[in-house]
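Hello,

Here is the structure I promised to pass on.

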Amino acid sequence: MKKIFVFCAILLVLLTVAGLTGCGAGKQQQNQNNAETENASAPADTAASAASTPEETAQPASQEPSQTADSKTLVLYFSRTGEQYTVGVIEKGNTAIVAEMIAEKTGADTFEILPADDHYPMTYKELTDVAKREQNENARPAYAGTLPELSQYDTIFIGAPVWWGDWPMILYTVFENNDFSGKKLVPFSTHEGSGLSGFDKKLAAACPDCEILEGLAVRGNDAQNKQDDVRAAVNDWLTGLGY
Ligand SMILES: Cc1cc2nc3c(=O)[nH]c(=O)nc-3n(C[C@H](O)[C@H](O)[C@H](O)COP(=O)(O)O)c2cc1C
C-alpha cells in the first residue's frame, strides 16, 4: 500500500512538471505568434514610410522634373477665386491652374502672390471696379509675406490674369520691391480675349537687364474647363523653352 502511494506521488509530481512545461511552451508559442504579428506589421509600416522618402520613390528618368541644382526655376503667380468672367464662381483661380501645370512639368518651386489685406471683392463686377480704381491711381497694393530668396533661381515664370489690359497693380509692387536683375523671366497670362496683353514688354521695362523668354496666354475659361488641351499647350510651350 505504501509502495502504491509512493508510486502515485511520484507519478503526480511527474505529471505536474510535464503539465507546467506544456503550458509554458504554449505560452511561448503564443508570444512568438504575437511577435510575428507585430513584426509582420513593422516591415509593412517601414516599407510604407520608406517608400515616401525621396530616395526610395525612384521614378523613371523621363518622368523626373527638369529642375537641377544649377538651374532652379520659380513660378510666381497671382490669381483670384470667387466670381470670374465666363466661369462663374471658381474655387481655384484660372492662373493658379496654369501655374500648377508649369510647376508639375518643370519641377519648379511656386509662390502665390497674395494681397496683404485682401480687399479684392469676390464678385466680378465689384472686383473690376476696385481693379480699375487701382490702375487709375497707379496704386501699389501690398502683398503678403516675402518672396523666396531670388538669388537661388535663374528662371522665373511670372503669371497673372489680365486686368484691364495690364498686370494687376500688385505685380508692379512685386517688381519694384525685388531684384530680378540678370534672371530669365517668362510671362504667362490668363485672359478672356486680350492674350498676353504686352506682359512681355512690360516685364522688359520693369527689368531692363533681364532676358525675357517667350510667354504663353491661356483663356481663363479653358484653364477651368479644357484642362487636357491647356496642359498639352503648356507642355508644348515648355518643351520649346527647353524643359
Ligand atoms: C478686374 C478684371 C479685369 C479684367 N480685364 C480683362 C481684360 O482687360 N482683358 C481680358 O481678356 N480679360 C480680362 N479679365 C478676365 C480675366 O483676365 C480672366 O478671367 C482671368 O482668367 C482670371 O484669372 P484668375 O482666375 O487667375 O484671377 C478681367 C477680369 C477681371 C476680374
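Below are notes on the ligand shell and on a pair of helices.

This is a predicted model, in which local features need pLDDT of at least 70 and side-chain atom pairs count only at pLDDT 80 or more, while totals for chains, interfaces and linings use all residues. Residues are numbered from 1 along each chain as its sequence is written.

Around the ligand there are 23 residues, and Ser-79, Thr-95, Pro-161, Thr-190 and Gly-220 come nearest (near means a C-beta atom, placed from the backbone, within 6 Å of the molecule). Two or more shell residues come from each of α2 (94-106), α3 (124-136) and β6 (184-191); helices (H or I, at least four residues) and strands (E, at least two) are DSSP runs, numbered from the N terminus. The biggest contribution, 4 residues, is from α3.

Now for the helix pair. The axes of α2 and α7, lines fitted to C-alpha atoms over the stretch in contact, come within 10 Å and cross at roughly 50°. The two helices are therefore oblique to each other (not under 35 degrees, over 145, or 65 to 115, with angles running from 0 to 180 degrees between N-to-C directions). Val-98, Met-101, Ile-102, Lys-105 and Thr-106 of α2 meet Val-230, Arg-231, Val-234, Asn-235 and Leu-238 of α7, contact being C-beta atoms, placed from the backbone, within 7 Å. After α7 comes Gly-242, with a positive phi near 100°.

Best wishes

Notes:
Two residues are in contact if their C-beta atoms, placed from the backbone, lie within 7 Å.
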